Amino acid sequence: MPILEIAAKFGTYAVMAVILIFALGVVTFRNLFHCALCLAAALIGTAVIYVVLQAEYLAAIQILLYVGAVVTLIIFAIMLTEHLAGKTARQNNSQSLLAIVGLLGFVTLLATLILKTPWPVTPTALQAKNSVMGLGKALMGTYVFPFEVISIILIAALIGTVVIAKKDAPEEPL
Amino acid sequence: MTSHILSWIIFTPLIGAFAVLFVPKNATACIKWIALITTGIVTALTGYALTLFQPAQAGFQMIERGVWIPQFNVQYLLGTDGISFPMVVLTAIISLLACLASFGIKERQKEYYALYLLLETGMMGTFLALDLFLFYVLWEVVLVPMYFLIGIWGGPRREYAAIKFFLYTLAGSLFMLLGILGVYFAATPHTFDMTQLAGMPRGLFFQQIVFMAFFLGFAIKVPIFPFHTWLPDAHVEAPTPISVILAGVLLKMGTYGFFRFSYPLFPEATHWFQPAMAVLAIVGIIYGGFVALAQTDFKKMVAYSSVSHMGFVLLGLAALNADGFRGAMLQMFTHGTITGGLFLLVGVLYDRAHTRDLNGFGGLGVKMPAYAGFLTFFALASLGLPSLSGFVSEFLALLGSYQYSKPVTALSTIGIILAAAYLLYMVQRVLLGKLNPKWAQLPDINLREVLTLVPLMVLILGIGVYPRIILDYMIPTLDALLKTIKVS
Amino acid sequence: MIVLPLSHILIFSLVLFAIGVYGALVRRNIIGILISIELMLNAANINLIAFSKYTSLSPETGQIFALFVIAIAATAAAVGLAIVLALYRVRKTVQADEVNLLKW
Amino acid sequence: MTSDQIILVPLLPFLAFAANILAGRWLKNRAAWLSVATSSVACVIALPICWAVFQGAHFAHQGTWLMLGTVPLKFGYLMDPLSATLLFMVTIVGTLIQIYAAGYMHGDPRYSRFFAYVSLFMSAMLTLVVSDNYLLFFMAWEIMGLCSYLLIGFYFEKDSAANASLKAFLTTRIGDVGFLLGFLTLFAALGTLNFSEMNTLMAGAHGSHATLNTGLLTLAALLIFCGTIGKSAQFPLHVWLPDAMEGPTPVSALIHAATMVAAGVFLVARSFTLFMAVPNILPIVTAIGTITAFMAAFIALTQNDIKRILAYSTISQLGYMVTAMGLSGLGAGTFHLITHAFFKALLFLGAGSVIHGTHVQDIREMGGLFKKMPHTAVTFIIASLALSGVPPLSGFWSKDEILLSAFGAGNFLVFGILLLTALMTAFYMFRLIFLTFFGAARNAKVHAHESPALMTGPLWCLAVGSIVIGIPGSPFMHHWFQKFIAHMVHYPEYEPSGLVMACSIAVAILGITLAGVMYLKQKHWAAAVAKNFPLFYRLSFNKFYFDEFYAAYVVKPFNALGHVLFGFDETVIDGAVNGTGRNTLFLSEIKNWIDQYIVDGAVNFMGTAVYFLNSFVKRIQTGFVQNYLLIVFLVLVAFLILELKLA
């Protein structure tokens with residue numbers, strides 16, 4: 001095994017670890033703004049994992065959409081409600097202990113399950129190069145219907161968001 | 001499109017109704033034009049269907065058949081022949097003109113036009129359906145928008161009138177539904193298909209029972225004495241265009257039912273019921289005439305005149321011979337045009353004077369000469385002046401009934417005299433005499449109103465001068481029907 | 001190509017998911033909850049891509065679904081944040097435990 | 001020459017009607033000339049055709065209009081002696097009257113409307129004359145009735161005019177319905193409505209009644225005669241004609257004297273073969289005609305309205321014609337129809353001229369007009385002489401023919417009554433003349449003036465006609481006219497009788513003399529007669545109380561019946577309907593009570609029980625989303641554990 005490969009492998013594990021650390025940051029920081037920044041970091045890390053998994057296109061989308069748009073959106077929302085977020089009030093409610101216990105159980109259970117399961121890994125699939133072109137063809141071919149549905153959902157969400165978030169005008173008779 | 005022309009005729013108004021629903025309610029001009037254009041398209045489609053129609057062919061034409069509820073052998077079955085096609089033409093024309101006449105309605109226009117177009121779908125469907133189940137459904141579809149159109153846009157007693165109309169007709173159609181089910185279960189294999197049902201033999205007793213059930217349904221719609229009292233109320237309370245539809249098309253659904261269903265399905269029962277039918281016809285003619293004579297409300301008078309005139313349709317139906325049938329069919333058409341026109345004219349006056357009290361008018365002929373001309377024309381057409389269509393149809397109906405029974409014919413001619421009496425008495429009270437100073441400022445009829453009337457006048461005059469333009473479409477089918485009844 | 005065992009990736013995504021769940025369960029701030037949900041969705045995406053990469057002959061499938069998930073996540077975030085803003089305008093709070101209209 | 005241009009004869013006036021009704025606002029005074037022009041052209045077209053028929057030609061043509069059963073109903077025209085005669089009369093008289101009307105109606109606000117109606121009338125009348133079957137005849141007949149209605153009610157602002165028009169239409173409508181039923185019966189009996197075919201069938205069946213259903217034919221003839229009674233204002237449906245004088249005077253002349261009312265007589269003439277073929281019908285016709293002639297003349301004796309006198313005179317003369325028909329005198333009746341049209345039109349136009357010049361209609365307010373209106377007076381006197389039956393004017397020849405028919409048939413009762421009627425005719429006409437044109441002016445407010453040439457011109461034309469039109473039927477032309485009509489159908493003819501002629505002349509002169517004595521010399525005689533015979537006077541003056549009788553025993557009961565039936569509708573039928581509704585409501589209220597306390601009671605109990613239980617369970621609902629989420633999550637984990645354990 002060439003050294004470069006080993007380095008890359010460990011690099012990957014390191015990225016994973018960093019992601020998890022940032023994720024913990026997301027759920028523990030008192031200042032929401034920091035949380036959002038941690039989220040951004042975790043998302044960028046995930047993008048790296050995507051690259052590792054040879055999903056370069058998705059990685060790009062991840063950064064563009066998640067980091068670029070969603071996180072920005074969240075930060076805006078935080079700033080709009082800032083005077084509350086700024087106060088570093090208690091950020092967790094009273095059920096964190098119960099949640100941790102449950103989660104630990106959950107993680108243990110699933111982890112054992114994952115490790116026990118003989119995954120049908122196909123080596124040929126691992127070798128297959130997947131191109132953006134293939135992705136586009138599938139998107140416009142097999143999955144064109146869900147794709148269109150998604151666009152309708154997007155537009156509906158867009159309108160819905162505007163309707164919900166806009167300031168209530170004085171009630172007009174419909 | 002050629003192969004589905006009938007479906008297009010039925011469903012175009014429905015599309016229009018949906019289109020109206022998507023227009024903001026303040027864009028009334030847009031709504032009006034959508035409705036008008038839709039009814040115009042339906043008329044154009046009907047005109048196109050007219051070119052496809054084979055007048056010489058007796059059976060059903062332009063048949064469209066589709067499976068609807070296969071478990072019960074219910075089909076989507078449309079078709080037309082010389083009986084239904086004139087009614088479709090009538091419906092298209094009356095709907096278009098009444099739509100134009102609706103432009104005067106000012107409140108809740110969006111709902112109005114949506115319901116109006118739905119109504120047209122129902123009416124067209126009723127005349128074109130050949131599957132009994134489909135027919136029943138569409139028959140009921142007519143009822144609902146009508147209920148709202150009277151109940152919301154009507155006069156002061158509109159709720160009463162609307163409920164009365166609804167319950168009356170619903171009661172009738174309930175019997176009809178029972179009859180339809182009876183026919184369905186008696187047929188082997190169970191079917192609602194008119195093209196198959198017509199030829200099947202049925203026992204006399206069964207025929208009589210089911211004929212009566214159908215009769216109740218249709219008689220209420222016509223309306224035949226003594227089921228007619230919903231008519232004056234509904235007419236008086238309904239807004240003008242709806243009165244026009246009611247008189248022009250809805251009443252014809254009843255007599256159409258006799259032609260389409262009662263007669264071919266129950267030929268023996270038809271013969272059995274013939275005397276009763278004739279008696280009901282004269283009672284209707286004379287009774288309607290007398291009661292019309294006693295009216296002081298313009299609209300009510302026209303409404304009762306409808307009872308009298310529809311009596312002539314019934315008279316022709318009761319005659320069970322070629323001339324009678326032709327007269328009845330023609331009277332259905334001409335009554336639609338003439339009484340439709342009269343209701344439009346009542347509306348014109350009511351829009352201006354806000355009253356319909358005949359005794360309150362007088363001398364309007366001086367202030368409104370054009371209106372006077374139109375009113376006189378339609379009154380004359382209604383009283384059966386020769387060279388106008390009403391005469392031809394009444395003449396044929398009388399000629400038919402004469403071959404059946406002389407006393408019946410002689411008695412029903414009283415109706416002709418009465419028609420002259422109440423119509424000219426009305427003309428005198430409205431137009432002649434000294435001008436009531438209260439009405440000195442009334443404007444004459446306007447262009448839109450003239451446009452609603454002129455096509456009707458053309459039809460009335462055209463049919464009156466040369467009735468073959470329409471009779472040639474009806475005769476083969478009616479003769480075939482007559483043969484069915486006679487042979488059995 | 002870096003070959004990791006599939007199970008490692010899965011466990012990683014499991015942990016990431018669990019952290020997200022934790023956040024969703026315990027954060028008081030609604031925006032915090034939303035952020036946590038984004039984490040969970042991310043974990044799911046990783047799973048989708050990994051499975052598709054390792055087991056399927058058409059690796060596009062997983063990626064496409066990941067794409068869809070991202071799209072949905074974006075809409076969810078947008079709508080959710082809009083609701084938060086509306087809520088904030090009405091109730092002057094974004095704390096989940098201060099909104100208890102669902103109480104008996 | 002082709003005869004198809006005959007179609008133009010009714011069509012041209014119809015075009016004038018259409019133009020006047022649609023474009024009357026622009027035509028204004030040109031409306032009259034349009035009508036007159038079309039009428040004249042129609043006349044020009046018609047006269048050669050008439051001439052051809054007079055020479056013995058015969059035209060007919062038809063086309064299918066309608067299918068009756070499997071039999072085509074054909075419409076067409078028929079030019080035979082009868083129609084040619086009437087066509088000749090109608091076109092000439094009609095045109096002259098329209099020229100006159102152009103002057104008479106001058107300045108009327110509804111000038112074009114008037115000429116539209118008149119043109120429509122001309123069109124209908126000409127259609128009627130040339131039509132070859134009953135249905136077309138009836139259609140034209142009805143349209144004439146409509147024109148009559150419209151023109152009587154021309155001054156519709158006057159209630160009397162409006163009422164008169166309604167009365168006219170309804171009264172004639174009663175007769176028309178009889179007519180309608182009549183030709184329906186005829187169709188049932190013969191299977192045709194065509195005049196020629198009917199004549200052929202009747203001729204073939206002559207002498208062998210077995211082939212035809214005599215009973216049905218008698219009924220048909222009787223019912224058709226109802227049409228005549230209505231249209232020609234015969235007893236008992238004569239009441240509309242005097243009231244019809246509410247219309248403009250040219251209308252009275254055209255429609256209610258010369259043409260339309262004569263159409264009833266024409267109908268009998270058309271159906272003459274039918275009337276001849278069935279027994280028992282002609283005596284009825286004679287009786288009706290005689291009663292009418294006598295009664296109307298008797299009423300005319302005491303009337304004071306110039307137009308009403310003429311109207312009753314018209315009724316009386318129509319009665320003469322009908323009597324002639326009843327006595328099988330087809331030629332005599334038709335002859336009188338023609339001569340009467342000329343002199344009665346002239347009389348009405350003269351009366352119109354008088355009214356135009358004086359603006360009064362009551363003859364008691366006139367007097368001494370001869371000097372002021374010489375043309376009117378001279379022509380009026382000519383017409384009156386013709387009407388009274390003074391030789392050699394036209395009326396003498398035709399009236400003589402009728403009297404001869406009665407005399408020849410041996411029906412001396414009818415002969416006597418007709419002679420008495422002739423006496424009364426001469427008397428009331430000259431009573432009218434002496435009161436109007438002679439003596440002193442009785443009303444100083446009346447400033448009479450002669451009418452314009454546009455009006456006196458037609459008067460003179462008609463006067464000439466009144467003089468000469470009798471010649472073709474007189475011995476001077478060897479009764480050419482009667483023989484001409486007899487081409488059509490055979491009927492009994494009688495040798496001219498000097499006795500009849502002498503009687504006729506004698507009563508005419510007696511009547512005129514009597515009138516002269518009573519109204520010029522011994523003026524108190526009239527009042528004395530009225531006083532000494534109060535019953536007769538009142539009967540005459542009040543027109544035998546016909547109007548009152550009809551009002552009380554026909555119109556009122558009809559209206560009352562209408563109201564009674566409407567009440568029945570409102571109370572009984574609607575009562576039943578509403579009662580059903582109310583009973584249903586009552587039932588539903590009972591059901592409502594059951595629902596509320598029994599059915600709902602059970603349901604509410606269930607609800608209470610559940611509510612009680614729920615007070616414990618509901619604690620779980622904290623309202624915090626995250627609590628719910630946690631529970632969901634924990635349950636999920638629990639299920640996972642369970643699932644794995646089981647596996």
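Predicted model: local features only at pLDDT ≥ 70, side-chain atom pairs only at ≥ 80, totals over all residues.

Modeller: Residues are numbered from 1 along each chain as its sequence is written, and chains are lettered from A and ligands numbered from 1 in the order in which they are written.

Biologist: Which ipTM and pTM does the predictor give the complex?

Modeller: Both values come from the predictor and concern the complex. They are an ipTM of 0.66 and a pTM of 0.76.

Biologist: Which helix of chain C has the highest mean pLDDT?

Modeller: The term pLDDT denotes the predictor's confidence in each residue, from 0 to 100. Chain C averages 85, and 92% of its residues score at least 70. Among its elements, helix α3 (residues 60-91) has the lowest mean, 86. The highest mean, 91, belongs to helix α1 (residues 6-26) of chain C.

Biologist: How many helices and strands are there in chain A?

Modeller: Helices (H or I, at least four residues) and strands (E, at least two) are DSSP runs, numbered from the N terminus. Read along the sequence, chain A follows the pattern α-α-α-α-α-α-α-α. The count is therefore eight helices and zero strands.

Biologist: What radius of gyration does chain C have, beside that of a compact globule of 104 residues?

Modeller: Chain C comprises three helices and zero strands, and its C-alpha trace spans about 50 × 25 × 25 Å along the principal axes. The radius of gyration is taken over C-alpha atoms, and the globule rule is 2.2 Å times the number of residues to the power 0.38. A compact globule of 104 residues would come near 13 Å, whereas chain C has 17 Å.

Biologist: What share of the residues of chain C count as buried?

Modeller: A residue is buried if 20 or more other C-beta atoms lie within 10 Å of its own, exposed if 12 or fewer, and partly exposed in between, with C-beta atoms placed from the backbone. In chain A, buried residues make up 25% of the 174 residues. For the 104 residues of chain C, the share is 57%.

Biologist: Between which chains are the most contacts found among the four pairs that touch?

Modeller: Two residues are in contact if their C-beta atoms, placed from the backbone, lie within 7 Å. Chain A and chain B do not touch, their nearest C-alpha atoms being 9 Å apart; chain B and chain C do not touch either, with nearest C-alpha atoms 26 Å apart. Among the four pairs that touch, the most contacts are between chains A and C.

Biologist: How many nonpolar, polar and charged residues has the side of chain A that touches chain C?

Modeller: In this pair, 74 residues of chain A are in contact with 61 residues of chain C. Ala, Val, Leu, Ile, Met, Phe, Trp, Tyr, Cys and Pro count as nonpolar, Asp, Glu, Lys and Arg as charged, and the others, Gly among them, as polar. By these classes, the side of chain A has 58 nonpolar, 14 polar and two charged residues.

Biologist: Is A:Lys129 buried or exposed?

Modeller: A:Lys129 is found in the loop between α6 and α7 of chain A. Its C-alpha atom is separated by 23 Å from that of A:Leu64, 65 residues apart along the chain. Because A:Lys129 has 8 C-beta neighbours inside 10 Å, it counts as exposed.

Biologist: Why does D:Ala233 count as buried?

Modeller: D:Ala233 lies in the loop between α8 (214-231) and α9 (240-243) of chain D. Its phi is positive, about 55 degrees, although it is not a glycine. D:Ala233 counts as buried because the other C-beta atoms within 10 Å number 30.
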